[in-house]
Amino acid sequence: MTSIPHLNSDILNCDVVIIGCGPVGAVAANLLGLYGIQTVVFERELDVYHLPRAIHFDHDIMRIFQQLGLYQKMSAVVTSTPELQFLDRHRRLLFSVREPASTTHLGFAQHYVFYQPWMESVLREGIARFDSVSVYLGHAVQSIVQESERVLVRGQDIDHQHEPVQVRARYVLGCDGAASLTRKSSGITLQDFKFDKQWLVVDTFLKDTCAPSVKRTLPKACQLLCDERRPTVSVPSVKNHHRWEFMLADHEQPAVFEQPAKVCELLSDWVDPDQLDIRRAVVYQFHSLFAQQWCKGNLFLLGDAAHQMPPFSGQGLCSGIRDAHNLCWKIHRVLKGYSSEDLLDTYAQERMPHVQEILQGTMRFGAIAQTQNPMIALARNTIFSLLHRIPAISRRLKNLHIPLPGLKTGILASTVDPSQSAAGQPFPQVEVSTQTGETILLDELMGHHFVILSFNLRLTARLSTSTQAAWKAQSTRFIHALSGPDSPSLNLTKTGSECLVPVEQWVVIDRHHQLSRWFAQQRGNIVIIRPDRYIFGVYNVHEIDSATAQVNTLLSVSS
């Protein structure tokens with residue numbers, strides 16, 4: 001990570017300023033670094049925040065870390081969660097939902113838990129790879145001024161040992177959290193869904209001297225204690241990290257529950273507190289808030305600056321990282337001249353409905369989880385218990401995977417063709433084989449731009465010269481997938497020999513028939529995949545020229 005020296009009062013120029021280098025800002029910085037975009041990051045803290053906040057992310061987030069080239073390092077500081085259990089007040093199992101034994105259609109485990117300072121450190125180390133990204137640590141942003149075509153950002157080191165730093169940028173990404181200066185300076189208001197509740201969050205580590213019997217008795221599954229007197233969540237995490245969350249009644253005072261004696265009293269129902277190193281015990285007010293606008297002029301809101309939700313579905317951090325993933329490839333296209341600035345309007349068009357649907361689902365689940373109404377709690381627990389005792393239903397629901405909503409509008413073929421049912425869904429990440437027999441995940445070949453993948457079809461030999469040129473101009477990668485282990489051995493290096501306009505292309509073998517099964521359910525055997533791995537549309541060979549024109553129209557391709 002490069003730190004820019006202080007250059008007195010001169011105004012620096014760059015493409016993008018990121019305000020805040022928490023997980024969302026750090027992901028954005030890594031993405032922009034991959035694209036070589038000149039970026040300046042302001043972060044008021046000198047180091048990664050030393051206490052954990054978020055604790056969970058989904059398989060699509062690990063896929064983003066894979067795209068960032070950080071999967072291996074991230075894997076070392078996270079662990080997958082095997083099961084979610086619902087317990088009654090006597091700790092008897094009411095119902096459970098198990099993690100699939102195999103990886104999901106995106107190539108990874110469904111859910112991961114982590115200790116946030118370690119996860120953030122991996123992201124910060126990732127930023128250090130890019131000379132195009134410069135970071136001011138220990139600098140608070142004091143003002144944000146929108147000019148006619150750019151934004152002037154003024155930062156000051158927190159110790160006031162240096163002159164203020166002024167940076168003029170094309171765009172500003174507000175990744176500055178719930179109290180976002182970016183949002184406030186834009187005059188953007190928050191919609192409050194009035195879903196507020198106080199919870200005591202306790203983060204602990206098992207002591208090195210902890211008795212082996214304690215490690216054995218602590219649950220390996222995430223647990224929700226369905227007790228209306230005090231709903232409680234227990235989350236085993238990575239490397240002896242364990243979190244407990246205890247809901248407070250409306251009349252209970254946070255200051256009382258943050259006292260060490262009270263914390264130990266609550267923990268003693270689960271474990272001997274003397275076996276734990278308690279790192280944090282803080283009462284949080286869970287909120288459900290949603291910004292009325294996510295962009296204004298050249299300012300964009302991401303993460304908690306744009307939306308805040310209770311942690312019941314573990315989607316707060318995930319949603320912020322998805323924001324960055326959606327926006328950064330579009331900024332790159334505009335800055336490279338591939339698209340007009342109209343493309344950036346699709347950030348809010350795509351992300352706002354997606355997050356709102358997740359937020360509403362989280363509130364519905366939260367209302368069930370934290371109810372203090374004895375009759376509602378009895379009905380909930382009775383239903384869970386009945387489902388658990390009916391074998392046919394129990395087997396099906398225990399392995400239930402509720403997919404996240406797809407994109408509904410924006411840069412999607414379904415925007416103009418409702419028959420494009422796959423559009424807006426993430427393209428599955430499958431294992432493919434190379435000529436040497438090496439098995440890899442498909443994303444390893446997909447790069448950071450658009451991808452056109454054809455199945456059992458040498459597409460590039462069938463494209464018109466103008467279509468080939470249009471895709472080459474956008475650094476598109478072509479992938480030819482061939483079915484089955486008996487596919488002929490082919491040269492898997494990049495080649496343009498069969499193209500009138502050489503484009504980057506690869507050949508892979510679908511030896512496990514995963515792509516074969518997917519394409520059998522589609523309308524064609526060609527899929528256009530966006531840089532963020534969402535499906536633009538599925539086509540047959542006779543539609544690809546018109547699809548190219550459609551993509552260019554929706555992308556607001558500059559003339």
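These legends walk through close-up views of one predicted model. Local features need pLDDT of at least 70, side-chain atom pairs count only at pLDDT 80 or more, and totals for chains, interfaces and linings use all residues. Residues are numbered from 1 along each chain as its sequence is written, and side-chain values use heavy atoms, leaving out hydrogens and water.

**View 1. Helix H9 spans residues 316-335.** From first C-alpha to last, the 20 residues of H9 reach 29 Å, close to the expected 28 Å (1.5 Å times one less than the number of residues). Helices here are DSSP runs of H or I with at least four residues, numbered from the N terminus. Since 18 of its 20 residues are buried, H9 is largely enclosed by the rest of the structure (buried means under 20% relative accessible area, with a 1.4 Å probe and protein chains only). After H9 comes Gly-337, with a positive phi near 85°.

**View 2. The largest nonpolar core holds 103 residues.** Such a core joins buried Ala, Val, Leu, Ile, Met, Phe, Trp, Tyr and Cys residues through side-chain atoms within 4.5 Å. Phe-57, Phe-65, Met-74, Leu-173 and Ile-528 have the most contacts inside this core, and H9 gives the most to it, with 9 residues. A second, separate core has 22 residues, including Val-430 and Ile-535.

**View 3. Look at what surrounds Phe-57.** Among the residues that Phe-57 touches are Met-62, His-111, Tyr-112 and Cys-318, leaving aside residues up to four places away in sequence (contact means heavy atoms within 4.5 Å).

**View 4. Gln-468 sits in helix H13, residues 465-472.** Gln-468 counts as buried because its relative accessibility is 2%. Its side chain reaches the backbone oxygen of Leu-463 at 3.2 Å.

Conventions:
Helix = DSSP H or I, 4+ residues; strand = E, 2+ residues; numbered from the N terminus. Buried < 20%, exposed > 50% of the residue type's maximum accessible area, 1.4 Å probe, protein only. Polar contact = N/O pair within 3.5 Å; in protein donor to acceptor, adjacent residues only side chain to side chain.
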